[in-house]
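Here is a short briefing on one structure. Please look over the sequence and the model before reading on.

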Amino acid sequence: MATSTGTSGYDPVVSGDKFVVGVPAVEQVFQLLARALRHIQAYPPTSPLRAAAIAACTTALASLHGRDQIHARVTMHDLTVDEVAIGGGTIIEHELVRRLHRAGVAAIVVDRAASARDLSRFCAD
């Protein structure tokens, strides 16, 4: 059974001998994904800002040790990860959540092993 090291949803969780990444690290990944989405929509394909944004997101995803995938529910204004709402009023809401909600997406799963190409395709589509 998982136990929390504190009372907020932002604390890491220990499950048996396994350390599971807390919500702040996941929120950072979604913030970087939203920033990459903004850069891909705003800059031409040859812009180094696009490549840098995707690289930052890929690095953040790879650093999520203890979590192979991020499962998030999409609501009108935020994402819900591990029963904690994240992204409301931030770049996550403005760039990512609104687009997903308009498209009728109820949930999103981001794999830790997603490649830069995968993330670029997600942001471009």
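How many bridges join β4 to β7, and in which sense do the two strands run? Five bridges join them, and the strands run antiparallel. The model is predicted.

**Sheet**
- The open sheet has four strands, in the order β6-β5-β4-β7. Their pairing is antiparallel.
- β6 and β7 are the edge strands. Each has a single partner strand, so one side of each is left without a neighbour in the sheet.
- From one strand to the next, the twist averages 35°.
- Three bridges pair β5 with β6, again in the antiparallel sense. Across this pair, V81 stands opposite V84 in β6.
- H71 stands opposite V109 in β7.
- β7 has two faces: I108 and V110 lie on the covered one. A107, V109 and D111 lie on the uncovered one.

**Nonpolar core**
- The largest nonpolar core comprises 33 residues.
- F30, L61, I70, L79 and L96 have the most contacts inside this core.
- Four helices are listed among the elements that each supply at least two residues: α1, α2 (48–62), α3 (91–102) and α4.
- The strands β4 (69–74), β5 (79–81), β6 (84–86) and β7 (107–111) also each supply at least two.
- α1 gives the most, with ten residues.
- Which residues does L61 touch, leaving aside those up to four places away in sequence? They are V29, I70, V110, D111, R112, A114 and L119. Of these, I70 is also listed with L61 among the core residues with the most contacts, and V110 is on the covered face of β7.

**Helix pair α1 and α4**
- Helix α1 spans residues 23–42, and helix α4 spans residues 116–124.
- The two helices pack at an angle of about 65°. Their axes are 9 Å apart.
- The crossing of α1 and α4 is right-handed.
- On α1, the contact is made by L33, A36, L37, I40 and Q41. On α4, it is made by L119, S120, F122, C123 and A124.
- What is the make-up of this contact between α1 and α4: nonpolar, polar or charged? Eight of its residues are nonpolar, two are polar and none is charged.
- L119 of α4 takes part in this contact, and L119 is also touched by L61.

Notes: Residues numbered from 1 in each chain as written. Predicted model: local features only at pLDDT ≥ 70, side-chain atom pairs only at ≥ 80, totals over all residues. Heavy atoms only, no water. Axes fitted to C-alpha atoms, helices over the stretch in contact; angles between N-to-C directions. Left-handed = near helix turned anticlockwise from the far one by under 90°. Contact = heavy atoms within 4.5 Å. Nonpolar A, V, L, I, M, F, W, Y, C, P; charged D, E, K, R; others polar. Core = buried A, V, L, I, M, F, W, Y, C linked by side-chain atoms within 4.5 Å. Buried < 20%, exposed > 50% of the residue type's maximum accessible area, 1.4 Å probe, protein only. Pairing = 2+ DSSP bridges.
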